Amino acid sequence: MTGTTRGIGESLAKMLLAEGHHVCGLFRSSSDLEALYSNYHHATFDLSQIFEIELIVKSIIGTIPYDQFEMICLVNNAAMLELLKPIDRCTMVEIFKEN
């Protein structure tokens, strides 16, 4: 799940975690959820680094014990880059901008 350190993403992650689901969060900064829930794993990543997304996804998927879960879902909650504007309104220059 992207965007788990605040707002809707954090609330949804907490709800799922409280129900016993396992959540892997992805956000640019660290998360307090890892200290609060044993079923939470956090990966720090900046989604604006689009050429590295495949590597982080492969890294996360490689840690999943598939035989222990009925379903694996992706919740893409990160809809904004740098509080700029919705991604569908960003130009390619803004998306590829180095931070």
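Mentor: This is a predicted model, and its protein chain averages a pLDDT of 83, with 87% of the residues scoring at least 70.

The chain has four helices and two strands, in the order α-β-α-β-α-α from the N terminus. Of its 99 residues, 27% count as buried.

Begin with the length of α1. The 12 residues of α1, at 1.5 Å a residue, should span 16 Å, and the end C-alpha atoms are 17 Å apart, which agrees.

Next, the sides of the helix. G9, A13 and L17 of α1 are buried. These three cover an arc of only 60° around the axis, which puts them on the same side of α1. An α-helix has 3.6 residues a turn, so residues three or four places apart point the same way. On the other side of α1, I8 and A18 are exposed.

K14 pairs with E10, and their closest N and O atoms are 3.7 Å apart. Both residues lie in α1, four residues apart, or about one turn of the helix. Side chains of opposite charge can pair when their charged atoms come close. K14 counts as partly exposed because its relative accessibility is 35%, and E10 is partly exposed as well, with a relative accessible area of 24%; the range for that class lies between 20% and 50%.

A search of the whole structure finds two salt bridges. The other pair to consider is K58 and E54, whose side chains meet at 3.1 Å, N to O. K58 and E54 are four residues apart in helix α3, so about one helical turn separates them. K58 is exposed, with a relative accessible area of 53%, and E54 counts as exposed at 52% relative accessibility.

Finally, the segment before α1 contains T5. T5 counts as buried because its relative accessibility is 18%, under the 20% limit. The C-alpha atoms of T5 and S29 are separated by 7.7 Å, although the two residues are 24 residues apart along the chain.

Elsewhere on the surface, V57, I61, Y66 and I72 form a nonpolar patch with about 360 Å² of accessible area together. Of these, Y66 lies in the loop between α3 (53-61) and α4.

Terms used. Residues are numbered from 1 along each chain as its sequence is written. This is a predicted model: local features need pLDDT of at least 70, side-chain atom pairs count only at pLDDT 80 or more; totals for chains, interfaces and linings use all residues. Side-chain values use heavy atoms; hydrogens and water are left out. pLDDT is the predictor's confidence in each residue, from 0 to 100. Patches are made of residues with over 30% relative accessible area and no salt bridge: like charges are joined within 9 Å, nonpolar side chains (Val, Leu, Ile, Met, Phe, Trp, Tyr) within 5 Å. Accessible areas come from the Shrake-Rupley method with a 1.4 Å probe; for residues, only the protein chains shown count as cover. A salt bridge is a side-chain nitrogen of Lys or Arg within 4 Å of a carboxyl oxygen of Asp or Glu. The expected span of a helix is 1.5 Å times one less than its number of residues. Buried means under 20% relative accessible area, exposed over 50%, partly exposed in between (1.4 Å probe, protein chains only). The arc is that of the directions from the helix axis to the C-beta atoms.
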